[in-house]
Amino acid sequence: MKKGIPLKKLIQLKYPFKLPDLPKPPILSVNFTDACDLQCVYCNNPLFPYPRTMMSDEVFNCLLKNLKKAKINRVRIGGGELTLHPKCALMLKQLSG
Ligand code: SF4
């Protein structure tokens, strides 16, 4: 595996909780909002009311600062339906930058 993700990193990413001595979390899960206007048949949160709360600028800026500080470079965005956040595109751009 000369190209792509080194094997050690791949194991850390796929099985992070099998390696209790990791120096930092390999990934962080973030919800921009818990609002959802969809009705996926497999949803485990079918009682999600709409609308619900949105991540504030203050919390998002704190997230950006701490991701950089902790050198966490993988973020999984979930929800809710993240595109319901009015600043979703900007937030994704800032996270990827
Ligand atoms: S919360 Fe997720 S799974 Fe549930 S309806 Fe919304 S998008 Fe679908």
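Of the contacts in the protein chain with a separation of 6 or more, 62% are made by residues 24 or more positions apart; two residues are in contact if their C-beta atoms, placed from the backbone, lie within 7 Å. The model is predicted: local features need pLDDT of at least 70, side-chain atom pairs count only at pLDDT 80 or more, and totals for chains, interfaces and linings use all residues. Residues are numbered from 1 along each chain as its sequence is written.

**Overall form**

The protein chain has three helices and two strands, and along the sequence they follow the pattern α-β-α-β-α. The radius of gyration is 16 Å, well over the 13 Å that the globule rule gives for 97 residues, so the protein chain is more spread out than a compact globule. Helices (H or I, at least four residues) and strands (E, at least two) are DSSP runs, numbered from the N terminus. The radius of gyration is taken over C-alpha atoms, and the globule rule is 2.2 Å times the number of residues to the power 0.38. Along the principal axes, the C-alpha atoms fill a box of roughly 45 × 30 × 25 Å. Of the 97 residues, 6% count as buried. A residue is buried if 20 or more other C-beta atoms lie within 10 Å of its own, exposed if 12 or fewer, and partly exposed in between, with C-beta atoms placed from the backbone.

Helix H2 covers residues 57-70 and reaches 20 Å from its first C-alpha to its last, close to the 20 Å expected at 1.5 Å a residue; the expected span is 1.5 Å times one less than the number of residues. The number of buried residues among the 14 of H2 is zero, so the helix lies largely in the open. Lys 71 follows H2, and its phi is near 60 degrees, a positive value in a residue other than glycine. Asn 45 lies 35 residues from Gly 80 in sequence, while their C-alpha atoms are 8.9 Å apart in space.

**Ligand surroundings**

Ten residues surround the ligand, and the closest are Cys 36, Leu 38, Cys 40, Cys 43 and Glu 81. A residue is near a molecule if its C-beta atom, placed from the backbone, lies within 6 Å of it. By class, the shell has five nonpolar, four polar and one charged residues. Ala, Val, Leu, Ile, Met, Phe, Trp, Tyr, Cys and Pro count as nonpolar, Asp, Glu, Lys and Arg as charged, and the others, Gly among them, as polar.
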